[in-house]
Amino acid sequence: MENKTQSCKRLVLVPCPYQGHINPMLQLGTFLHSKGFSITIVHTHFNSPNPSNHPEFTFLPIPDGLTEHEILSGNLVAILLALNANCKASFQQCLTQLMEQEPQNSISIIYDDIMYFSEAVANYLNIPSIVLRTVSITNFIARSTVLQLLSKGSFPFPESMSRDPVPDLDPLRFKDLPISNFDTYENYSKLVVNLHKVRTSSAVIWNTVDCLEQSSLAQIQQQCQVPIFTIGPLHKIATAASTSLLEEDMGCIAWLDKQSHNSVIYVSLGSVASISEKELAEMAWGLAKSKQPFLWVIRPGSICGSDWIELLPQGFIEAIGERGCIVKWAPQRQVLAHDAVGGFWSHCGWNSTLESLSEGVPMICWPCFSDQKVHARYVSQVCKIGIQLENELERGEIERAVRKLMVDDDGKEIRARAKELKEKIEVSMKGGSSYHCLNELEKLIRSF
Ligand code: UDX
């Protein structure tokens, strides 16, 4: 009887159509499905997830109204504002149809905070909703400060202030604030104000772990009117099938199998960031000079002015021989869990950060934009398990950072702290804070 009641509950999940947001939402869906809920993923045509990887879910595409021009612009802020304006009506229509097919009161919505149009529709149709936040609490707090500073006209700040500490946000400096370069400050504010607000939703799910963000969590709990469930790291609560938009090159696992314990530095700048030809050359020679084996993800199109690796410096491939492996996209969670991987050079997107910390892999932090700057500072100065590259990329500095992280004696403490943090995260999952929050979340959803 209980199973029947459980399977009657349908959860409509609304991911934001970027890799760093699709992953945690589908992971959450996998977990909730394992608890007996039926899962429907309502998604945009733009960056659609691959339904064939998840036969257990129902996928419902909705028109997103994005033009080719908007997509090609790469202006994330403009794209996200447009999605919120364009998807409301189509989402409402989709839900109305779903409600005709389902028993009364059986539907609830979980939406990515960026897809805030979902909350308005849920409220209009009288459907319970919960918001999923996929980036750190610390970044949320820093973004609130940015909003206050923007309203006072404090941006752009003078270069001389860039290393000054931001009051109440220690150890963040002005240069670490998560400001977006994609659009005007006005549009950025509009987006952030909307995604920060919880109007009628019943709870907030956060992809983080209490032990990582204790003081930020305490601060946000005082301000938030609804329960917060810190259930992360989501990739660890359920083994989801591949959630990648790009094809994962499994050949790199065979290459890792041939490398010795903790010897490989894994390099990836995530799903959005791009670099210049000059930065590419410094990265390449820095890695070569470090003499450590490396697995390097170079996403097609991520080097300005080329399709893939055409702009790698001459002589580099010959110089590294078998010591380097370059792929277009890797099965990153598997890579970070591999015995051969001893360090991660990352842009510090929140998923990559959580994935590294939960495997005890110390990091070289090279943030490219927005929240990545907050996470890089946090990983290097608060968790103290990373080395941040602060200046323009330079091969000598890269070589030294890689060697310190991976082999030199002065990196011993960083490596030891990374292992300790991994254990703390494991405790959170096995009977600790994340485990407890997951149980409470499940109870709340069943009570709707
Ligand atoms: C974007 C923003 O840049 C980031 O700051 C924000 O936190 C989320 O959205 P993204 O570049 O996608 O981040 O980085 P991240 O959050 O780390 O997510 C990337 C995901 O892609 C990770 O889950 C990672 O495992 C996966 N990945 C990356 C792969 O599976 N294979 C790869 O080769 C590279």
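Q: Contact means heavy atoms within 4.5 Å. In this predicted model, which strands does helix H5 lie across, and at what angle to E4 does helix H5 run?
A: Helix H5 (residues 117-124) lies across E1, strand E4 (107-112) and E5. The angle to E4 is about 160°. Such angles are taken between N-to-C directions and run from 0 to 180 degrees.

Q: What makes strand E1 and strand E2 a pair?
A: A pair needs at least two bridges. E1 (residues 10-14) and E2 (residues 38-44) have four, in the parallel sense, so they meet the criterion. Leu-13 stands opposite Ile-41 in E2.

Q: Why are E3 and E7 called edge strands?
A: The open sheet has seven strands, ordered E3-E2-E1-E4-E5-E6-E7, with parallel pairing. Strand E3 (58-62) and strand E7 (228-230) each pair on one side only. The twist from one strand to the next averages 25°.

Q: How do you know that E8 and E11 pair?
A: Five bridges link strand E8 (residues 264-268) to strand E11 (residues 341-346), in the parallel sense. At least two are required, so the pairing holds. Val-264 has Val-341 in E11 as its bridge partner. E8 and E11 belong to an open sheet of six strands, E10-E9-E8-E11-E12-E13, with parallel pairing. Its edge strands are E10 (324-327) and E13 (386-388). Its twist averages 15° from one strand to the next.

Q: Which strands does helix H11 lie across?
A: Helix H11 (residues 277-290) lies across E8, strand E9 (294-297) and E11. It runs at about 165° to E9.

Q: How does the reach of helix H7 compare with the expected value?
A: Helix H7 (residues 185-196) has twelve residues and reaches 16 Å between its first and last C-alpha, close to the 16 Å expected. The expected value is 1.5 Å times one less than the number of residues.

Q: What makes residues of H7 count as buried, and which are they?
A: The cut-off is under 20% relative accessible area. Tyr-188, Ser-189, Leu-191, Val-192, Asn-194, Leu-195 and His-196 are buried, so each falls under 20%. They pack against helix H4 (76-101), strand E5 (129-133) and helix H6 (137-151).

Q: How many residues surround the ligand?
A: There are 25, and the closest are Ser-271, Ser-352, Glu-355, Asp-371 and Gln-372.

Key: Residues numbered from 1 in each chain as written. Predicted model: local features only at pLDDT ≥ 70, side-chain atom pairs only at ≥ 80, totals over all residues. Heavy atoms only, no water. Helix = DSSP H or I, 4+ residues; strand = E, 2+ residues; numbered from the N terminus. Buried < 20%, exposed > 50% of the residue type's maximum accessible area, 1.4 Å probe, protein only. Near = heavy atom within 4 Å.
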